[in-house]
Amino acid sequence: AMPSENNCVKLRSDCSRPSLQWYTPARNKMKRPSFLLKKLFKYLLPMFVLWIIYTLTLNYPTEECDMKKAHYVDPDRVKRAQKYAQQVLQKDCRPKFAKTSMARLFEHRYSPDLQPFVQKAPKASEAKDKYDPPFGFRKLSSEVQSLLELLPERDFPEHLKAKSCRRCVVIGSGGILHGLELGYALNRFDVVIRLNNAPVEGYSEDVGNKTTIRMTYPEGAPLSDLEYYSSDLFVAVLFKSVDFNWLQAMLKNETLPFWMRFFFWKQVAEKIPLQPKHFRILNPVIIKETAFDILQYSEPQARFWGQDQNVPTIGAIAVVLATHLCDEVSLVGFGYNLSQRRTPLHYFDNQCMGAMTLQTMHNVTTETEFLLKLVREGVVTDLSGGIYWEF
C-alpha cells in the first residue's frame with residue numbers, strides 16, 4: 001500500500017519518496033534504453049573500424065609505379081596493333097555473329113534474347129526478382145518502378161538499332177593501352193563502351209574520344225563534367241540498395257543526403273550532367289548470366305563478414321552486354337598479368353598491377369580464362385593483345 005500521513009510521524013524524511021518496491025522497477029526501466037544503446041555501440045564500433053580499414057585499403061594501394069619507366073612501348077608493337085585494328089574494321093560486318101557464337105560456345109548458359117536494359121519493374125516470377133543486387137532486384141520492385149518513371153527512354157537508341165550490323169568495342173582501363181595510339185581506330189566503331197571513370201581528356205590519342213556508353217556504378221562514375229558528352233548513354237550498374245537512391249538523386253538533379261554518403265566506399269559524383277533520356281539501368285540478369293551461368297560462380301551465401309568472389313568486374317559484365325547489343329565485339333585495354341606486379345594497372349594513373357592482389361571481390365583468374373576462351377574461339381577480337389596476342 002502507498003505510505004500515508006499517519007505512518008510518517010517518527011521519520012518524516014521517509015515520506016519524501018515512494019517505497020523501494022515502487023521506485024526500483026521504475027528506475028530499472030529508465031536505465032534499460034541506455035544499457036541497450038551501450039551494448040549496441042559495443043558491437044557496432046568494431047564493425048565500423050573494420051569498414052574504415054577496408055575502405056582505406058581499397059583507396060590507398062601500397063604500390064605505385066614510375067610511369068615514365070613503365071610506359072615504354074616497342075614501336076613495332078604499335079605499328080602491328082594499329083594495322084590489326086584497321087584490318088578488323090575493313091572486313092565485312094557479320095550480322096548476329098556475337099550472339100550466335102556465344103550461344104554455340106555456352107549453349108543453354110547464354111540467352112540470346114536477353115534485354116540489355118531494364119524496361120519494367122520485375123514481377124515475383126521473373127529472374128530479376130530472385131536475387132538481391134547486383135544479380136537481381138528482389139524486394140526492390142517499387143524502387144525500380146520509381147526510377148523507370150524518371151526515364152523517358154529505356155531501350156537502345158533508335159539510330160543505333162537501325163544499323164543493319166553494329167560493331168562494338170569495349171575499352172578497358174589497362175595500362176597496355178598507353179602508347180599504342182589506337183584512338184583513331186577506336187573512334188570508327190559504331191558503339192564505344194567505356195568503363196567507370198576511365199578518362200578521355202588527355203588520353204584521346206590512345207583511347208579515342210568517342211563514347212556511346214559510359215557503364216559504371218556510383219563509386220566508379222567520373223567526378224569531372226569533362227568526361228560526359230551530351231550524346232552519351234549513362235548505363236547504371238546497381239550493386240546495392242543505396243545505389244538506387246544515388247541514381248534517383250542524379251536523375252532529379254538533387255543532392256544526396258549527407259548521411260547516405262557513408263554507405264559508399266569512396267566519393268561519389270554529386271551530379272551527372274546528362275538529361276534523363278540518356279540514362280539506362282543495366283538489366284541485372286546480365287550480371288547474373290555473367291556470374292552464375294557463364295563464369296559458373298557460386299550463388300550468394302549469407303555471411304557475417306566479407307563476400308564470396310562471385311561478383312564479376314565491370315569489364316567482364318560489359319563484354320557480355322556488348323554481345324547482346326552488337327553483331328561483332330572487340331576488346332582493348334584488357335588483361336591482368338599478375339606476375340608483373342610493377343607494370344601499370346591503368347593507362348591513366350600510377351597504380352601497379354600488384355594492387356589487384358589486395359581486392360577480394362573479383363576472381364581475376366577465372367575472368368582471364370573466360371576472355372581468353374572468347375578470343376581464341378574467335379567470338380571477340382583483342383585489339384591490344386593483353387588477353388591474347390593475335391598480331
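A salt bridge here is a side-chain nitrogen of Lys or Arg within 4 Å of a carboxyl oxygen of Asp or Glu. Keep in mind that you're looking at a predicted model.

**Charged pairs**

Side chains of opposite charge can pair when their charged atoms come close. By the rule above, the count comes to 13 salt bridges. Three of them are set out here:

| Pair | N to O distance |
|---|---|
| Glu270 and Arg261 | 2.6 Å |
| Asp76 and Arg80 | 3.1 Å |
| Arg138 and Asp132 | 3.2 Å |

Let's start with Glu270 and Arg261. Glu270 has 44% relative accessibility, so it counts as partly exposed. Arg261 is partly exposed too, with a relative accessible area of 26%.

Asp76 and Arg80 both belong to helix α3 (residues 75-90), and because they're four residues apart there, about one helical turn separates them. Asp76 is partly exposed at 40% relative accessibility, and Arg80 is partly exposed at 33%.

As for the remaining pair in the table, Arg138 is partly exposed with a relative accessible area of 35%, while Asp132 gets that label at 40%.

Salt bridges can also join up: Arg94, Arg167 and Glu328 are linked in a network of them.

**Inside**

Now for the nonpolar cores. The largest one has 52 residues, and Ile193, Met215, Leu282 and Leu374 have the most contacts inside it. Helix α11 (residues 314-325) gives this core its largest share, eight residues. There's also a second, separate core of 29 residues, with Leu251, Leu256, Met260 and Phe279 among them.

What does Leu282 touch, leaving aside its neighbours within four places in sequence? Its contacts include Pro116, Phe117 and Val118, along with Val235, Ala236 and Val237.

**On the surface**

Some nonpolar side chains sit outside instead. Phe258, Trp259, Phe262 and Phe263 form a nonpolar patch on the surface, and together they have about 530 Å² of accessible area. Trp259 is in the loop between α9 (241-252) and β5 (279-281). Is Trp259 buried or exposed? It counts as exposed, because its relative accessibility is 53% and the cut-off for exposed is over 50%.

**One more loop**

Asn350 lies in the loop between β6 (328-332) and α12 (364-376), and it's partly exposed at 31% relative accessible area. Asn350 and Gly175 are 175 residues apart along the chain, yet their C-alpha atoms are separated by 9.5 Å.

Technical notes: Residues numbered from 1 in each chain as written. Predicted model: local features only at pLDDT ≥ 70, side-chain atom pairs only at ≥ 80, totals over all residues. Heavy atoms only, no water. Patch = residues over 30% accessible without salt bridge, like charges linked within 9 Å, V, L, I, M, F, W, Y side chains within 5 Å. Areas by Shrake-Rupley, 256 points an atom, 1.4 Å probe, with all protein chains shown as cover. Helix = DSSP H or I, 4+ residues; strand = E, 2+ residues; numbered from the N terminus. Buried < 20%, exposed > 50% of the residue type's maximum accessible area, 1.4 Å probe, protein only. Core = buried A, V, L, I, M, F, W, Y, C linked by side-chain atoms within 4.5 Å. Contact = heavy atoms within 4.5 Å.
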